[in-house]
Protein chains: 2
Amino acid sequence: MPEDQHTGPSDEELRTLDAHWRAANYLSAGQIYLLGNPLLTEPLRPEHVKPRLLGHWGTSPGLNLVYTHLNRVIRARDLDALCIWGPGHGGPSILANTWLEGTYGEIYPDVGRDAAGMARLFRQFSFPGGVPSHVAPEVPGSIHEGGELGYSLAHAYGAAFDNPGLLVACVIGDGEAETGPLAGSWHSNKFLDPVHDGAVLPILHLNGYKIANPTVLARLPEPELEELLRGYGHDPITVSGDDPATVHRAMATAMDTALDRIAQAQRAAREDGVTERVRWPVIVLRTPKGWTGPAEVDGKPVENTWRSHQVPLPGVRENPEHLRQLEAWLKSYRPGELFDADGRPVDEVLACVPEGDRRLGATPHANGGLLLRELPLPDLDEFAVPVDKPGTTLHEPTRVLGDLLARVMKDTETRRDFRLVGPDETASNRLDAVFDASGKAWQERTLPVDEHLDRHGRVLEILSEHLCQGWLEGYLLTGRHGLFSCYEAFVHIVDSMVNQHIKWLRTSRELTWRAPIASLNYLLTSHVWRQDHNGFSHQDPGFVDHVLNKSPGVVRVYLPPDANTLLSVADHVLRSRDYVNVIVAGKQPCYDWLTMDAARAHCARGAGVWDWAGTENGGEPDVVLACAGDVPTQEVLAAAQLLRRHLPQLAFRVVNVVDIARLMPREEHPHGMPDFEYDGLFTTDKPVIFAYHGYPWLIHRLAYRRTGHQNLHVRGYKESGTTTTPFDMVVRNDLDRYRLVMDVIDRVPGLAVRAAAVRQRMADARTRHHEWIREHGTDMPEVAEWSWNP
Amino acid sequence: MPEDQHTGPSDEELRTLDAHWRAANYLSAGQIYLLGNPLLTEPLRPEHVKPRLLGHWGTSPGLNLVYTHLNRVIRARDLDALCIWGPGHGGPSILANTWLEGTYGEIYPDVGRDAAGMARLFRQFSFPGGVPSHVAPEVPGSIHEGGELGYSLAHAYGAAFDNPGLLVACVIGDGEAETGPLAGSWHSNKFLDPVHDGAVLPILHLNGYKIANPTVLARLPEPELEELLRGYGHDPITVSGDDPATVHRAMATAMDTALDRIAQAQRAAREDGVTERVRWPVIVLRTPKGWTGPAEVDGKPVENTWRSHQVPLPGVRENPEHLRQLEAWLKSYRPGELFDADGRPVDEVLACVPEGDRRLGATPHANGGLLLRELPLPDLDEFAVPVDKPGTTLHEPTRVLGDLLARVMKDTETRRDFRLVGPDETASNRLDAVFDASGKAWQERTLPVDEHLDRHGRVLEILSEHLCQGWLEGYLLTGRHGLFSCYEAFVHIVDSMVNQHIKWLRTSRELTWRAPIASLNYLLTSHVWRQDHNGFSHQDPGFVDHVLNKSPGVVRVYLPPDANTLLSVADHVLRSRDYVNVIVAGKQPCYDWLTMDAARAHCARGAGVWDWAGTENGGEPDVVLACAGDVPTQEVLAAAQLLRRHLPQLAFRVVNVVDIARLMPREEHPHGMPDFEYDGLFTTDKPVIFAYHGYPWLIHRLAYRRTGHQNLHVRGYKESGTTTTPFDMVVRNDLDRYRLVMDVIDRVPGLAVRAAAVRQRMADARTRHHEWIREHGTDMPEVAEWSWNP
C-alpha cells in the first residue's frame, strides 16, 4: 500500500480492537481493586475489594490502547517487535495485556486465562507475596521497569542497535519527558543506522498530568510541540481525542503511516544505498489521563486530571457511593461481552493478538539471555606485555586493553553483538585501537577533517553518561555484549541508573524463565589519582562505594594494578553473566608487575602475597603492606624499596588486592574470603598498612568483622585535591611512599625509636617535594624516574 | 532605540572590542604556555615555556568574545549582569578577563594589572600551588565550575529567579548541550516569571567539536536547529563566522537585539500586564574551536577541529618548530599594542570594561553570601505537636513541617528569597500547606481544573531532579534560601551534582573573600521503609552513604524520629551556612515521641538516651538498643515494650541518634563525639543492637574506631524489598521488633537459655505475620494498631 494512504481499519476490525482495549481496561482496574468476584457475576460488595488499594490507573488506558494497536500491526505485518513501556508504573496494563495474549499464563500457569487465573491475577497485584505494581522483571516482555523515570527511549535505542529486523516501540509519558535523560535521548536518532539497526518508534503519550501537575509538553501550543519534535529530527504524527472509536481509527492509521515510513526508510538505506539521515516518525498520542475511569469523585473532576494518577476511587470499602461508582465503572467495559462464563476472553477480544513469539510478552528480545551467544575472546597471551623483571617497563594499561577490544570488535564484525560506549572519551581513555576495527556511529553530516566516523560504526560516543548507560543497558538486556568506558568521577552521573539495573538483575535471577544476560561492564579510567590536570572537580572514587552497597550477588569490583592484570580481569568480566562489574584502571604509563601467567593466577585468587616484593622469609612478617589500585600499588612498591634500603632488618609482606570484595566476610559477598584465608594473608595481630585507591573507610567497612581489624590502617583519597602534579595528589592524601614508610615506623612496635632517623628522612623528602613542585611545576626526578630496583 | 534596528557599533568601538578580545586571547594562551617572558619582550626560548602544558584553549576564544561583548552591553546599558560559563574548563579565558577588568588583582593583589602580575597570572595557572585550570571558586564572578558538564542553564535560571533586575547570560557549549540535564534545562523558561524574575540569555556556542568528535547540534542543518530552539520556546538569533571584524559586528547587533527584546518583554509583563508566556531570545554563536590559534600543527589541521580542545601545540619545549609557531601565534595578537611597557592594558583595551560592581568579576550575585539575609523563622512552639505521653498520638512529620514552611513562605512574600523545589512531589510529600502561601511557578496555559498554579509562584515543581537541584544551587549561590524535597531513592539521580556542590563549598570556605551562603537542604521523604507500595525500584537509602564520603566540614545528615524533632532539625538547617544538610523524615503517620522542648534538647545533643523508654536504673544496662530514623525508632520502641513485658529483669537502654555524624570520631567529622561521650552512651562492653534507617554497614564505617565496636550489631536495609506491606518491609530486612528482641536474646550473655521461650514467641510472631499478610494483604492488628504502652 502506498504510504500515507491508509483507509484505516474496517468497522469490524475496530470493534475487535475496542473489545481488546476494553478487556485490558477492565483487567487493569480489576487488579487495582478486586480481591474476589472478578467477573462481577454478583453485585459488588465491600469484601470483594482489596483492603489496601495500590497501583496506577492514570496511565493504564493509554498503555492499553498502544498495546492493542501494536498487536494489530504486529499481526498484520508479521512484525518482530518489542515495546518499552516508559510509564512502567502502569503495571496493571502490561500485566493485563500479557494475560490476555496468553504469555502470562504460559510462564505462570496458575494465572491462566480463565476465571481462576483472573482471580489470581487480580489478587496478586500489589499484594504481599504477589507481584509488584510496576512493569518489573516479573512481567513477560519487559526490559524496563519505569519506576524511576527517564530512560525508556535510551533503552529503546539500545535494543534496536544491531537488531535490523526489530521494531522497538517506546511509550514516553509526558511526565518522563520532563527529565533530563529523556530530553537528551531524543538525539539518539543521530546514532541509529538504518542499515544494521532496527527502528525505534517513539510514542509520546500526552495524558496531560503528572502526580499533581500538568505536564510541560502537554500544555505547549501544538505548533511549538511539533517544532520541538522536528527539531529532534522526527516527523510527528498526532493522534488526539477522547472518543474511543475516533481514537482507534486515528491510532490505526497513525501506526500504519509510521510503519510504512519506517519500512520505506529502511528499504531506501538497505536496498537503494541512500545515506541521508532518516527523519523517523514519532506518534504523539493525546488522550485523557485515567480515560474511561470515573469522571468525577466526591464532586471533583478525576478523569483527565492528575487525580486519576493512582487510585481514582480511594474509599471503596467504606464509602457505598464509591463502591457503586466502582461497580458502574467496571461494568462500563461490559465484561459479560468480553469474557465467557469461565473467564476466558472471547474470540473478538483476541482477534488482534499475534501468535507465538510475535506476542509482545513472548518476544525473546525481552529475555535477551535466550539470544545471547558467547563472545569470541582471543588468547590473552597475544596481547600480554612481556615482563622480565617487575617494575621496570611501563605500559598504559587501557591502551593494552584497547588492542584486545579491537580484536573483539573485529571478531564480531559480522555478528555485530558487541558495542563499546563512552562519553566522547574512547581515544582520551586510550582505547583508540578499536577504531581500526570499527568506527564511531554517526548519521549526521561529516567533514573532511573528521576521523573514524562511520554510519555503520559500533563505537558509541556522545557527551552523555546517561545515554551511554541507557543504550548499553538496552543492548545487554536484549542479549548482546558491551563495555562502558568512563571517567571515574563522572560515572556518578549514572548512580541511580546502575541502582535500577542492579535491582533488575537481582530480581531477574530469581526468575527461572529469565535467561542470564551479559554483565554490565564499566571501565573507570582517568581516575582520581591522575586527574591532577583537571583538578578537584574531576576527582571522585566513590562509585565503588555506591556499587558495593547493592545486592552482593550482582556486584563485582576489580582494581587491576597493571596491564596484564587488566587483561585478565577484562577477559573474565566479558565472559561473565548477570553481574555489574566495575574495573578501575589507569590510562597513564604504569609499571608492569606481573607476567601474563602470574596475572592470571593473581586475578583468579583476587588477592595475594607478592613475595618478590616483601622481605619476610618464611616467618611471620612484622608488618603487612597492602595495596589495591594501580597508583597505590606503585606507592607501596616504592615504599617497599625504601624499607629494604633503610630498614633491612624489617620483615614485611606485600599483599595486592584486585577483587576488593574478597575482603568481605563470606556471608556478605560470594567472593568474600574465609577468615582463615584472610588471617593467612593479613595476619591476625600485625599492623596492616593498606594503600587503597578510593575512600579509605571503605576498606574498614568491608573488613570490620575480621580478627585483625583493629590493626588495619588505611590510606586513600580523602577529598584533598586540586590542579597539581601526579605525585602531589598522593602526597596531599597521605598515600605517598614516604608517608607509608612513616606509617610502618609509627605502627610497628618499637620501631619509632629505632628508626627515628629514617622517619625524619621521609619527612624531609616530603618537604623537598613541596619545594620542588612549587619551583618547577613537575615532580622531582627521584619520583618521576623511580623504578623498582630493590 | 526601536527593537531590531541597530546600526551596530562604530568602527572605533569595534576596534576597542577587538583589542579587548585580542588581549584576552593573548592572556589565555599565555596562561597555558608561559613561565617567563610574559610580554614577549625577548625572543621566546624553551625555558620561557612551562614544563607541563595544561589547560583548554579550544573554548577560550569564544568565551573571550562573549565576555568582551557582555562588557560592551553592560557598560552601554548599565546592566546588572552575571554570566554562567558552561564551558568552565575554559579557565584561562575567565581568568584573563577578570585580570583585564581589574577584579582579579583587587582580590589577589599580587596578581595585579602590571607585568609582574601578568607573569604571576601565567605562572600560577594549572601550576602546583597555583590555581585550577577550570572556572573554580577561586575565580571572581563565577558560581559554576563547568568541569562536570550539564548544569549551566539550570544554574542560570536559579540565579535569575527572584532577581528581577538581573540579566543572567549563560554560555552553553555544544558538548554540554548533549547531556541530558542540559537538554532538559531548556524548558526552564516555562517557569521564569517576567515580573519577579530576571532574564536568562542563553548563548549556545557551537564551536563544532568535543574532545574527539563533532557535536550533535553543530552538525544539524540550520533550519533543524532553529526548529529545535523554537520548540524549546526561544527565538534564535544566529551569529556565525570566522572573520573577527564580521563576527564582532554581528555579535554586537545580536546582543543589542536580544537585550531589547528582553527589555520589551519585561516591560510588557511588568507595566502593561501582559501575561502571555515570553518567547525569550537565544543567541547561537557559531565560531571555530581554537579560533585564532595554530591552523595546522605537524601537518594536521588544528584550528576548527577537536585537536584544539586542550593544548594545540604540545611539544613546545622540545620541538623548535612548535616553539616558533607558539611565538608567531602569541605575536599575532600584537601584544605590544595591547599592553604598555609595564604590562598594563592600554586604554583602548579597557574601553569596553564596565565600572565597579558592574564588572562581571565583581558582581555580588556571584558572591551570594554578600547579599544573603537571615531567613525569618518563626517560633517552633507555634507549630509543635503536643505530646502528653510518648508514642500515643500520631502525626505526619512532613505535614507538620509543611505548616512551618508555609509560614516561611508567607514571611518572605515581599522579600522573595525562599524557594521550595521538588519533582512534582510537594503535595505527595505532604508539604501542601505551602500552597496557602505561594502557588507553583507556571507560565504555560492553565485550565479550570488546575490547582495552585501561579505565574508568580515560588514553589518549583518539574519532573526532573536535575533541574530541581540545579535551580536551587543557582538560587543559593546567588544569596537566597531554599529546600529540596525529594523521594529518597531518586535523589541518587543528582549524586554527581551534589558532589560538585560540596566541592564548591569546600573550596569556597577557604577563600576569605567569599561570604558564606545558605546551606543546600534536602528533605528526603517517601523513604525506603514506606515504599512498600511502589516496590523495590523505589527503595534506596544510600544517599546518606554517598554524602558522608564527602568533605566532612560540609556535610550533615539528620534522621529526626518524629514531628517535633523534624521541626527542630529544619529550623537548624535553614539557619545554617555553607553546608549540605540531608534530612531523612517520613511523611506517613508516625508516633510523637518528644515534646518540643525535649526535641530541641535532643537535637542539640544529636544523640541521647531516652530514659523513659529503657529499664536501667542508674546501673549499667545489660544491652543498648540504639535507633536512627523514624521507622527504626518505632521498631526499637516496640521491641522495648516487648522486652519490658517478657523480660522484666533485663536492664536495657534506649539511645536515639538524630545527627548520624555524631558516631564518627571527632578527628573525622566536626560533629563526631569524643570517645568518653560515646562510651557513656553506648558502653564499652555491652552488646549494642542498632536499628538504622539505611545500609547497616554505614554504622560500622562510622563507628569502627570506637572501643565497643566489636559489640555493635546493626540492622538496616539490606536490599530486600518488593511491593508489600509496611511491616513486611522491616521483617524482610530483619529490622522488625520481633527480630530485635531475638537479637537481644542472642547477644546478651546467658540470655539465650533463660529466654528461649520468649525467643520462640518472637519467631512465632514473625511466622504469624507472614501468614496474615498473605491472607489479608494488610499488617496484622497487633502491629497496625500498636502504640507505646509499656
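A residue is called buried if 20 or more other C-beta atoms lie within 10 Å of its own, exposed if 12 or fewer do, and partly exposed in between, with C-beta atoms placed from the backbone. With that term in hand, let us turn to the structure above.

This is a predicted model, in which local features need pLDDT of at least 70 and side-chain atom pairs count only at pLDDT 80 or more, while totals for chains, interfaces and linings use all residues. Residues are numbered from 1 along each chain as its sequence is written, and chains are lettered from A and ligands numbered from 1 in the order in which they are written.

I begin with a helix of chain B. Helices (H or I, at least four residues) and strands (E, at least two) are DSSP runs, numbered from the N terminus. Helix H10 of chain B covers residues 320-331. Its 12 residues reach 16 Å from first C-alpha to last, close to the 16 Å expected at 1.5 Å a residue; the expected span is 1.5 Å times one less than the number of residues.

Which residues of H10(B) are buried? They are B:His322, B:Leu323, B:Gln325, B:Leu326, B:Trp329 and B:Leu330. Seen down the axis of H10(B), these fall within an arc of 165°, so they line one face of the helix; the arc is that of the directions from the helix axis to the C-beta atoms. On the other side, B:Pro320, B:Glu321 and B:Ala328 are exposed.

Helix H2 of chain B, residues 60-77, is mostly covered, with 15 of its 18 residues buried. After H2(B) comes B:Asp78, whose phi is positive, near 50°.

Next, the core. A nonpolar core is a set of buried Ala, Val, Leu, Ile, Met, Phe, Trp, Tyr and Cys residues joined through C-beta atoms within 7 Å. The largest one has 520 residues, and A:Val168, A:Leu625, B:Val168 and B:Leu625 touch the most other members.

Finally, the two chains. Residues are in contact if their C-beta atoms, placed from the backbone, lie within 7 Å. The contact takes 93 residues from chain A and 93 residues from chain B. On the side of chain A that touches chain B, the largest share, six residues, comes from H15(A).

Chain A itself is divided into domain 1 (11-356), domain 2 (380-590) and domain 3 (607-784), with bounds from an automatic or database domain assignment. The centres of domain 1 and domain 3 of chain A, taken over C-alpha atoms, are separated by 57 Å.

Definitions and conventions:
Contact = placed C-beta atoms within 7 Å.
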